[in-house]
Amino acid sequence: MRQLIELQRQLVPELLDVMRKRYRILQQVMLAGTIGRRALATTLSMTERVLRAETELLKEQGLLIIQSSGMQLSEDGKKTLEEIEQLGDFVFGSSEIEEKLKSMYGLKQVIVVPGDSEQSEIAKKELGRATGLLLKQAIRSGDVIAVSGGTTTAQVAKYMSLPNTIKDVVFVPARGGLGESLDYQANTIVSMMAKRTGGHYRLLHVPDHISSDAYESMIQEPSIKEIVQVIRNARIIVHGIGDAIVMARRRKTDPEELQAMLDEGAMAESFGFYFNRSGELIHKMKTVGMRLEDIAKTEVLIAVAGGASKAEAIDSIMKFGYDHALVTDEGAALRIIEMYEANGHHGEV
């Protein structure tokens with residue numbers, strides 16, 4: 001297969017360009033559910049005339065259904081899209097932006113989806129879907145997958161699926177989080193992931209932020225102790241990245257503690273840990289669940305975050321150095337590269 005793809009690249013390079021274009025059309029229709037030609041042309045930055053020709057061909061191939069209400073994927077279209085995605089970089093190769101970010105942070109894998117998820121609902125969905133696909137490729141039978149809460153990981157849950165050959169997968173929250181909005185709590189997200197994949201889930205019913213005394217007491221409870229042990233032995237972790245001050249305020253952090261974090265240059269938050277611009281850990285919340293030593297020994301660690309405003313926070317967490325894979329969007333990726341080049345790094349740390 002690889003040899004055939006390489007031959008196609010050399011002899012008919014335009015074939016892969018056409019494939020990529022039609023793949024993006026199918027991908028965007030799938031994300032939208034049903035979409036009109038004008039809206040799709042705008043999303044893809046394509047003229048309606050060109051798009052009409054492409055969608056008519058895809059309709060003739062039985063991949064698209066075109067009705068007065070808009071376009072949607074046929075069952076064959078969904079199957080074709082899934083088969084193309086299994087090939088991924090093997091067919092299309094990694095983009096220059098992805099390669100640059102991999103080099104900058106020493107990451108094993110980077111996926112950059114089109115658009116800015118803060119500005120586009122479709123880009124936000126694609127961020128979740130790309131992470132779901134990456135997870136699908138990483139999960140093995142018997143795995144424990146720990147997931148943090150947040151709006152982005154909630155999107156991942158919507159696009160989770162697993163083949164029937166994968167059995168006995170357990171989803172767990174990475175830490176306590178009863179202080180967050182119900183839809184974005186890790187407990188809610190892991191239950192949704194389990195239901196979509198036919199897996200199992202365990203819940204952790206503890207608050208997000210507790211006092212030292214309460215922490216010491218709670219961690220000794222047999223039921224809490226048992227689930228925490230499961231969480232800390234997860235083979236895969238999926239986590240979001242937050243702006244430090246936004247997250248601290250959302251958690252109603254004590255004003256004096258918040259000011260101390262500001263003074264120390266808090267830039268990013270993940271797992272209840274706060275990091276400065278250089279990726280140094282500057283503050284830890286008392287939370288039940290994952291510890292830094294657990295994260296350090298995790299086999300597969302996937303960070304997912306997007307939006308230009310998250311660029312500095314993503315940069316901070318990537319500099320900390322535990323992450324193996326990053327799923328982000330063009331809004332964040334281009335801003336990160338711009339930051340490095342402005343500082344004279346030209347894409348290198």
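1. The largest cavity has a volume of about 100 Å³. A cavity is a set of points on a 1 Å grid over the protein atoms alone where a 1.4 Å probe fits but cannot get out; its volume is the space filled by probe spheres set on the points. The model is predicted, and totals for linings use all residues, while local features need pLDDT of at least 70. Residues are numbered from 1 along each chain as its sequence is written.

2. The lining of this largest cavity includes H239, L301 and D323; lining residues have an atom within 4 Å of a point. The lining comprises nine nonpolar residues, two polar and one charged. Here Asp, Glu, Lys and Arg count as charged, Ala, Val, Leu, Ile, Met, Phe, Trp, Tyr, Cys and Pro as nonpolar, and the others as polar. At least two lining residues come from each of β10 (273–276), α15 (292–296) and α16 (311–320). Helices (H or I, at least four residues) and strands (E, at least two) are DSSP runs, numbered from the N terminus.

3. In strand β12 (residues 300–304), five of five residues are buried, that is, under 20% relative accessible area with a 1.4 Å probe, protein chains only. V300, I302 and V304 lie on one side, with L301 and A303 on the other. In a regular strand the side chains alternate between the two faces of the sheet.

4. Strand β12 runs parallel to β7 (residues 236–239), joined by four bridges, and H239 stands opposite A303. Three bridges pair β12 with β13 (residues 325–329), also in the parallel sense. Strands pair if DSSP finds at least two bridges between them.

Notes. This is a predicted model: local features need pLDDT of at least 70, side-chain atom pairs count only at pLDDT 80 or more; totals for chains, interfaces and linings use all residues. Side-chain values use heavy atoms; hydrogens and water are left out. On a 1 Å grid over the protein atoms alone, a cavity is a set of points where a 1.4 Å probe fits but cannot get out, and a pocket is an open set with protein on both sides within 12 Å along at least five of seven lines; lining residues have an atom within 4 Å of a point. Buried means under 20% relative accessible area, exposed over 50%, partly exposed in between (1.4 Å probe, protein chains only).
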